[in-house]
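Biologist: Please put the sequence and the model up first. I will then ask about single residues and after that about the whole chain.

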Amino acid sequence: MALVDHTAHRPWPLPRGPWVMRQVWHDLLFAHWPMLAETVRAALPRGIELDVFDGEAWLGIVPFRMSGVRLRYTPPLPWLSAFPELNLRTYVRVDDKPGVYFFCLEAGNPLAVEIARRWYRLPYYRADMSCAPCGAVGDDVHYEHVRTDNRGVPAELAVRYGPRGDVFASKLGSLEHWLTERYCLYTVKPLGNARGDAHASVMRGDIHHPPWPLQPAVAEFDRNTLARAHGFELPDRAPLLHFARRLEMVAWPIVRIDR
């Protein structure tokens with residue numbers, strides 16, 4: 001069965017038209033912290049509404065690595081198809097479609113950073129990154145990141161993490177489902193009118209993948225300044241942690257939302 005034939009779990013139908021990009025995500029950690037809603041809401045651009053769970057906003061730090069990155073009808077290119085990635089995210093909705101808003105995305109491939117900034121209007125940054133197996137049986141991951149892009153303030157992440165439990169599918173209505181089962185991202189594109197006045201247009205990028213194969217996880221953070229680099233102080237408590245070994249996804253072009 002093709003990836004796009006498995007759609008019963010989606011909250012809305014697949015977009016019209018063909019997908020344009022395919023990726024495989026590996027060794028992914030979801031590390032989530034609850035945040036005051038007003039703190040996160042103040043950091044969002046106009047036109048994008050904060051989504052909350054039981055009145056709380058959530059901030060996520062998500063390290064992983066990608067492979068098989070390719071455009072439709074093209075093979076993966078050795079110098080562009082596999083690299084580590086990291087993002088800082090929160091959860092939002094527009095026109096009642098829940099999605100993800102990225103405060104930053106970091107990638108270990110400079111060309112991929114520039115393509116994503118230009119084509120997808122996403123806040124990507126260049127970084128030195130590594131993602132390697134560690135531990136006695138190789139199930140855990142040692143992940144290191146140092147931002148090298150002068151378009152952002154310095155940021156670092158060093159963490160060891162891995163799964164500790166069986167794979168499970170999150171249940172509709174649970175916090176795990178609310179955090180992970182999201183099938184679009186939102187960003188804004190600055191625009192100017194004939195008078196030169198600036199405003200922003202909300203953009204949506206749809207994605208599709210199977211339900212997340214989650215596992216309980218553990219993580220030990222040696223350095224973690226990513227949230228602070230974007231104006232957030234993480235609460236003094238352990239994050240909610242989940243791990244996913246592998247997930248295939250496809251993405252559609254980013255489109256302007258007519259409102």
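Biologist: Where is the place of D95?

Modeller: This is a predicted model, in which local features need pLDDT of at least 70, side-chain atom pairs count only at pLDDT 80 or more, and totals for chains, interfaces and linings use all residues. Residues are numbered from 1 along each chain as its sequence is written, and side-chain values use heavy atoms, with hydrogens and water left out. Helices (H or I, at least four residues) and strands (E, at least two) are DSSP runs numbered from the N terminus. On that basis D95 sits in the loop between β4 (83-94) and β5 (97-107).

Biologist: Is D95 buried or partly exposed?

Modeller: Buried means under 20% relative accessible area, exposed over 50%, and partly exposed in between (1.4 Å probe, protein chains only). D95 has a relative accessible area of 45%, so the residue is partly exposed.

Biologist: What is the phi of D27?

Modeller: D27 is in strand β1 and is buried, with a relative accessible area of 9%. A positive phi also occurs at D95, at about 55 degrees, although D95 is not a glycine. D27 is likewise a residue other than glycine with a positive phi, near 50 degrees.

Biologist: Why does the pair of W33 and F221 count as tilted?

Modeller: Rings of Phe, Tyr and Trp (its six-membered ring) pair if their centres lie within 6.5 Å; planes under 30 degrees apart are stacked, over 60 edge-to-face, and the rest tilted. A search of the whole structure finds nine aromatic pairs. For W33 and F221 the ring centres are 5.9 Å apart, and the pair is tilted because the planes stand at 55 degrees.

Biologist: How many residues apart in sequence are the parts that W33 and F221 tie together?

Modeller: W33 is buried at 4% relative accessible area, while F221 is partly exposed at 24%. W33 lies in strand β1 (residues 21-35) and F221 in strand β11 (residues 215-224), so the parts tied together are apart in sequence by 188 residues.

Biologist: Which residues is R246 in contact with, leaving aside neighbours within four places in sequence?

Modeller: R246 lies in strand β12 (residues 240-251) and is partly exposed at 44% relative accessibility. Contact means heavy atoms within 4.5 Å. With neighbours within four places left aside, the contacts of R246 are V24, W25, H26 and P213.

Biologist: Which residues do ring pairs link into a cluster with W25?

Modeller: W25 is among the contacts of R246. Ring pairs link W25 into a cluster with F30, F64 and W212.

Biologist: In which helix is H177 found?

Modeller: S170 is in the loop between β8 (156-163) and α3, and is buried at 16% relative accessible area. Beyond four places in sequence, S170 touches residues including H177 and L214. H177 counts as buried at 18% relative accessibility, and is found in helix α3 (residues 175-180).

Biologist: What radius of gyration does the protein chain have?

Modeller: The chain comes to four helices and 13 strands, and 51% of its 259 residues count as buried. The radius is taken over C-alpha atoms, and the globule rule is 2.2 Å times the number of residues to the power 0.38. For 259 residues, a compact globule would have a radius near 18 Å, which agrees with the chain's 18 Å.
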